[in-house]
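Hi,

Here is the structure I promised to pass on. Have a look at it first, then read my notes below.

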Amino acid sequence: MANQKMKGRTVSLMIMVLIFQVLSAPLHGCFVATGQGQPPRKRSTVHPTVVNGFGSSVFRPISGNVYPLGYYSVTLEIGNPPKPFQLDIDTGSDLTWVQCDAPCTGCTLPGDRLYKPVKNNFLACKDPICAALHSPKAHQCKNPNEKCGFQVDYADHGSVLGVVVSDNFPLRLVNGSLSYPLLAFGCGYHLHNRGPHPPPTTAGVLGLGKSKASISSQLSGMGITQNVVGHCLGGQGGGFLFLGADFVPKSGMTWTPMFQNPFDKHYSSGPAELLFRGKPTGVKGLNVIFDTGATYTYLSSKVYQTVLNLVRKDLSGKQLQDVKDKALPICWKGTRPFKSVRDVRNYFNTFALSFSGASNIQLQLPPEAYLIVTERGNVCLGILSGTEAGLGTSNVIGDISLQDKLMIYDNEKQRIGWASADCTRKLSGL
């Protein structure tokens, strides 16, 4: 989901219209909490290493944070000679796109940092990747050789318009070899930002969704990497991203099946039951989307209201008061300013999503996974109403809830996995 990563990412349930549709949501938030009076839990931590010895994977360090930036990004080089572009990581979008000098209207980068297309690298409408972007709608071309265009509309009312091009992406694989695949991506030449936040300083979006148009799918189709996407978003910022199966741990991961719907381009799973303090909340049958394009976590209105009621009831009698803060809609202040979420652990408790179909398949959402502490020292709820944000009944798990977890989207085995991890630790085997 692309935007709030077009800065706060107000939800990028990105809807590609005219040419294709893509759901992306710059969501904010998740939950991680330790119950009041409960002893701190010792979490087993997975330390990914190169495990299969093949070495055909791409590894990149990540920069960014949930607050105050609102997005995580990675730098990739494009073209010959190669030029670096900082891209917003988005598992909720298929199309990778960069700001493009074609010329550009609304671009936020200076001219010398824009991508400059050449005549012979435009993708034709008849190309299978253009059809994949158009899916599930019928793909029709008035002229098979006309340029493949795209338009992406974001839930925060921002948009990007452009054409699809192809160019070399110089990549160093973890086995030390160099690869120069010719990959398709969007050349965005008309950007419109209507959201309440200024656009991010990134050059565009790295689309890592499920369709054949995503970078991971293209690399897999060329036999360069397996179609596996993994990321680890540091709670204090930073982290890493990998494409390929070399860093998938042999043990220690929790796995849940990925939805098999061929028309669903998102990393989705379910149904799941919402728990609070280890007990049922009455909310069942949730299907969730894992989306790094969303800064925060977005829940459908009824589920969101249940979460808000549970949190407020749990705070009854505690020394926190409601306060207005520009960062998020629901915030509290203490007797003195808080410095980090660690300072409020004793006030909040843990949510969890319990996935059916197997025993003990839970995604723990402790206070750190759904709260932020703002520059004013207030604590704010990083779970928002997806219905109010224009996401309908979708439930989107955003960056805030994915922090300090190794997340793996295994398209080869059609599964999604997670494990607690130190995202600042350098991977062994590199």
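Let's start with a term: a contact here means heavy atoms within 4.5 Å. With that in hand, Gln-403 touches Val-66, Tyr-72, Leu-233, Gly-234, Gly-235 and Glu-368, leaving out residues up to four places away in sequence.

Before going on, a word on the source: this is a predicted model, where local features need pLDDT of at least 70 and side-chain atom pairs count only at pLDDT 80 or more, while totals for chains, interfaces and linings use all residues. Residues are numbered from 1 along each chain as its sequence is written, and side-chain values use heavy atoms, with hydrogens and water left out.

Back to Gln-403. It sits in the loop between α4 (399–402) and β27 (405–410); helices (H or I, at least four residues) and strands (E, at least two) are DSSP runs, numbered from the N terminus. Is Gln-403 buried or exposed? Its relative accessible area is 10%, so it is buried (buried is under 20%, exposed over 50%, partly exposed in between, with a 1.4 Å probe and protein chains only). A polar atom of its side chain lies 3.4 Å from the backbone oxygen of Glu-368. That is a polar contact: a pair of N or O atoms within 3.5 Å, where, within protein, one must be able to donate a hydrogen and the other to accept it, and residues adjacent in sequence count only if both atoms are side-chain atoms. Gln-403 is also 9.2 Å from Asn-65, C-alpha to C-alpha, although 338 residues separate them in sequence.

You'll find it in strand β26 (residues 395–397), and it counts as buried because its relative accessibility is 4%. Its side chain reaches the backbone nitrogen of Ser-300 at 2.9 Å. Beyond four places in sequence, the residues that Asn-395 touches include Leu-286, Val-288, Tyr-298 and Val-303.

Next, the inside. A nonpolar core is a set of buried Ala, Val, Leu, Ile, Met, Phe, Trp, Tyr and Cys residues joined through side-chain atoms within 4.5 Å. Which residues have the most contacts inside the largest core? They are Phe-290, Trp-332, Phe-348, Leu-353 and Phe-355, in a core of 89 residues. Helix α3 (residues 301–314) gives the most to this core, with five residues. Apart from it lies another core of 17 residues, including Cys-130 and Cys-148.

(On a 1 Å grid over the protein atoms alone, a cavity is a set of points where a 1.4 Å probe fits but cannot get out, and lining residues have an atom within 4 Å of a point; points are joined across faces, edges and corners, and a volume is the space filled by probe spheres set on them.) The largest cavity is lined by 13 residues, and Val-58, Arg-60, Leu-76, Leu-171 and Leu-243 lie nearest its centre.

Last, some backbone details. The peptide bond from Tyr-67 to Pro-68 is cis, with omega near 10°, and Pro-68 is in the loop between β2 and β3 (71–78). Another cis bond joins Ala-102 and Pro-103, with omega about -5°. Arg-277 has a positive phi, near 55°, in a residue other than glycine, and is partly exposed at 43% relative accessible area.

Cheers

Notes. 1 Å grid on protein atoms, 1.4 Å probe; cavity = no way out; pocket = protein on both sides within 12 Å on 5 of 7 lines; lining within 4 Å.
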